[in-house]
Amino acid sequence: MNNFFIITNISKDPDFKMTYQIADYLKTKGKKCGYTSCMFDSDSLEYKYINPREIPKDVEGLIVLGGDGTLLQVSRDTLPRQIPLVGMNMGNLGYLAEISREAVFDALDAMINDNYKIESRMMLQGTIYRDGKELLSDLALNDIFMNKAVNKKMIQVNNYIDGAHLNSYFADGIIVSSPTGSTGYSLSAGGPIVSPNASLFVITPIAPHTLINRSVIVPSDETIWVELGKNKYGFDCEAEVFFDGNSTTVIRSGDRIEITRSKIDVKMIKIYESSFMDVLSKKMN
């Protein structure tokens, strides 16, 4: 690999100290390296988007400085470019950003010498409809989830798989996760841990008012429909839909979310031979 580009979360590397060190190191090795920044906006509570057109056409690999949240956002923003990404974690050990501060330069040497693999991770495509008309369409690497409005009653969730009714229940919401996202919000809600190389959806209710509190595993070639019903007392209600916990929109009773596997996968650069289970073991211990 000869041409790199760094995307830095400036809340994690505010003075660009690590960014400059990486760029200078690559240049001393005769490689090209540009950089840009992204940040967490405390007002909107969202990461500012990366414009893929800022990235030169000949870039072969993206180095994302931040954490798993930064990598999630960058993966969505740059997906059309199909440039492989590697995450360098500026905080705690992450599931996605596998490179620690201490291992940065070893990882750079591995990429320079082409000692890495490219893994494909499936993404979710979510489209929200109201009265048959499209309201919004977005992507998610981890999950798409619907949550009741703040301080409101439980909502009715109606789920369909390829047009067939699966189940309905009252709950605080629902999470539809990719295998990559199974270790995120879905896990916190009681969902299973899934290898990120799998090809499936995990559907997990959030605090359901039912004796059955189980996730459902669905093949990734099927289409999931999630419909917002009434509240517990039979009145129309509202809920929020989140894509990877960042972009969000408000929906109302009768609105539906269509969730499918995206036609394009994210490409991740894998430096180490350590398995997902190795990372999982470290996180759990």
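A: Helices (H or I, at least four residues) and strands (E, at least two) are DSSP runs, numbered from the N terminus. This is a predicted model, in which local features need pLDDT of at least 70 and side-chain atom pairs count only at pLDDT 80 or more, while totals for chains, interfaces and linings use all residues. Residues are numbered from 1 along each chain as its sequence is written, and side-chain values use heavy atoms, with hydrogens and water left out.

Q: Thanks! Where is Ala207 placed, and what is its phi?

A: Look in the loop between strand E14 (200-206) and strand E15 (216-219), where Ala207 sits. Its phi is near 45°, a positive value in a residue other than glycine.

Q: Is Ala207 buried, exposed or partly exposed?

A: Buried means under 20% relative accessible area, exposed over 50%, and partly exposed in between (1.4 Å probe, protein chains only). Ala207 counts as partly exposed because its relative accessibility is 46%.

Q: And what can be said of Asp131?

A: Asp131 also has a positive phi in a residue other than glycine, near 55°. Find Asp131 in the loop between strand E8 (124-130) and E9. With 71% relative accessibility, Asp131 counts as exposed.

Q: How should I read a sheet, and what is the strand order here?

A: Strands of a sheet pair through backbone hydrogen bonds, either parallel or antiparallel. Two strands pair if DSSP finds at least two bridges between them. Here, six strands form an open sheet in the order E9-E8-E19-E16-E11-E12, with antiparallel pairing. Strand E9 (133-140) and strand E12 (164-171) are the edge strands, each pairing on one side only.

Q: How many bridges join E11 to E16?

A: Six bridges link strand E11 (residues 155-161) and strand E16 (residues 224-231), which run antiparallel. To see one of them, pick Tyr160, whose bridge partner in E16 is Trp225.

Q: Turning to helices, how many residues of H2 are buried?

A: Helix H2 (residues 68-77) is mostly covered, with eight of its 10 residues buried. Among them are Leu71, Leu72, Val74 and also Arg76 and Asp77.

Q: Why does Leu108 count as buried, and what does Leu108 touch?

A: Leu108 belongs to helix H3 (residues 104-112), and counts as buried because its relative accessibility is 0%. Contact means heavy atoms within 4.5 Å. Leaving aside residues up to four places away in sequence, Leu108 touches Ile22, Tyr25, Leu26, Ile63 and Met88.
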